[in-house]
Amino acid sequence: MRLNKTIILVSIMCLFTFNGCNTFLEEEPQTLVSLEELDENIVESLLVGMYEPLTRSRGRLWESHWGRALILVEEHAVSRLREKNDVANYHFESDPYLFSAGWPTIYESISRANSLLKLLNDDQNLDENYKNEARGEACFIRALDYFQLVRIFGEVPLRIEPVTGPDDANLALSSIEDVYSQIILDMTEAVNYLPVKTDDPGRATKGAAKTALADIFLTLKRYSEARELAKEIIENKNTYGYGILTSLDELYSPTSPTNEEDIFSLKFSRYVGQGSFLAAYGAPLSHPEVAAVRAFEDYGANTNAPLLKNWNDNDLRKALNIYNTATINGQLVDIEMAGDYTHVYGKHRDPGQPEETASGVDYYLYRYADVLLIFAETENLINGPTTEAYDAVNKVRRRAYGVDVNTVNMEVDLPLGLSREEFDELIFRERGYEFMNEGKRWFDLKRTGRWATIIPEAGKDLPKSLYWPFPGNEILHNDYID
């Protein structure tokens, strides 16, 4: 992502951000007066500013609190901290301030998208094709933000207009159906307007919007629409520049800016304040040097949980995701766990990071493996376990076992002759392995209904609600929420 932020960006963002500069609430807004004539440099700064809250170090989203919370609700996760272990045991009501930092940050991103869309719609000077591309990015980000919010909280305030004053803090909750309608509308606009490729890793593209829309349809059980989108991407992967990497090390490289499997990811770098915090949250207290300069070991993995219990040691994803030994000064040592778990999580490890806020491992929201597994799941649900469905999932499995992704390998591939139900169960398992600690497991548990059996099997309590409580700051500032 280009970081050519100009001085004007700072003042514009103060005006655009509801949770930002205090002077916004004390003075008459000047946004539309000062930006009557847009130019491409200003729009570019506004676009960069719209993405910024999503990757802001200590912004408490995917690099920190949001990502940590989504790890905690994977059924195999256990925390050594009492209040966080309550969350891991699905007692969401025990921590009503769980998202107090992340909630305003994600609405900040939404607010910036809303203001940019307003400016673009009012502008009479810029080239319409350029404006449409910018609209596509704004619609993509707004849809992505609300897709997260609606799956976590259910009914949420649907803010799609710029904030013009403090009274706008009060907004009634919109129904889940209305939120999804807006998400689909925005993401469809993004599909229509975004370019096929970008020279700026971390920026939205047409393929990213189609993948996200396929995921949205998958969540809504609109399987035919999800399948068609995934199928189109697979058939045109060369046009989009997509493919599945053969190396997990390359996929999770802390120094590579992007790769062919990267469809849309949040970009982090090995600079203080510009990296991910997740490696520090997972790093073991006994040997912090294996993953971060400073370790918190907020959580670990219980390998007695059903997903992990019989995980094949030959699956390279296992060592990537969970570990209980480390090489220290040339010697293999056992890691002493600080909590009641058997392993610590390792996907976001970056031993070269200079500080706890500086892991360079990107956070994938969508990659080509998503497309393959969405297609395999929906193809099977519609047509049964066809050759095409087998081929899609087996590409992911072959990479996981270190063999050629395009060559049939009966020792690695899913067994032939599976029923529709058996194939669906194995696709769910593959998603659990492939996307561990990538913020997808809780949503998969919910959308498939498997939460009701898997959570007790993991020795945890069933949640009182599948939606999490609103954070305290939103309750305080919005009279419609109690």
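## Basis of the description

The model is predicted: local features need pLDDT of at least 70 and side-chain atom pairs count only at pLDDT 80 or more, while totals for chains, interfaces and linings use all residues. Residues are numbered from 1 along each chain as its sequence is written, and side-chain values use heavy atoms, with hydrogens and water left out.

## Aromatic residues

The structure contains 22 aromatic pairs. Rings of Phe, Tyr and Trp (its six-membered ring) pair if their centres lie within 6.5 Å; planes under 30 degrees apart count as stacked, over 60 as edge-to-face and the rest as tilted. Tyr107 and Tyr146 form an edge-to-face pair, because their ring centres are 6.1 Å apart and their planes stand at 80°. This pair links distant parts of the chain, with Tyr107 in helix H6 (residues 102–122) and Tyr146 in helix H7 (residues 128–153), 39 residues apart. Helices (H or I, at least four residues) and strands (E, at least two) are DSSP runs, numbered from the N terminus. Tyr107 and Tyr146 are both buried, a term for under 20% relative accessible area, with exposed meaning over 50% and partly exposed in between (1.4 Å probe, protein chains only). Tyr107 and Tyr146 also belong to one aromatic cluster with Trp62, Trp66, Trp103, Phe153 and Phe470.

Charged side chains also meet rings. A charge sits over a ring if NZ of Lys or CZ of Arg is within 6 Å of the ring centre and within 35 degrees of the ring normal. Arg151 lies over the face of Phe147, 3.6 Å from the ring centre, and the charged end of Lys440 sits over the ring of Phe435, 5.3 Å from its centre.

## Salt bridges

The whole structure has 46 salt bridges, each being a side-chain nitrogen of Lys or Arg within 4 Å of a carboxyl oxygen of Asp or Glu. In one of them, the closest N and O atoms of Arg56 and Glu52 are 2.7 Å apart. Arg56 is partly exposed at 25% relative accessibility, whereas Glu52 is buried at 19%. Arg82 and Asp86 form another salt bridge, at 3.5 Å from N to O. About one helical turn separates Arg82 and Asp86, because they are four residues apart in helix H5 (residues 82–88). Arg82 is exposed, at 63% relative accessible area.

Glu474 and Arg159 also form a salt bridge, with their closest N and O atoms 3.7 Å apart. Glu474 lies in helix H21 (residues 472–477) and Arg159 in the loop between strand S2 (156–157) and strand S3 (173–174), so the pair ties together parts that are 315 residues apart in sequence. Glu474 is buried at 7% relative accessible area, and Arg159 is buried at 11% relative accessibility.

## A strand hairpin

Strands S7 (residues 325–328) and S8 (residues 331–334) pair in the antiparallel sense over four bridges; pairing requires that DSSP finds at least two bridges between two strands. Ala326 stands opposite Val333 in S8. Two residues lie between the strands of this hairpin, where Asn329 takes a positive phi near 50°.

## A buried arginine

Arg398 lies in helix H17 (residues 387–400) and is buried at 3% relative accessibility. Its neighbours by contact (heavy atoms within 4.5 Å) include Asp391, Val403 and Asp413, not counting residues up to four places away in sequence.
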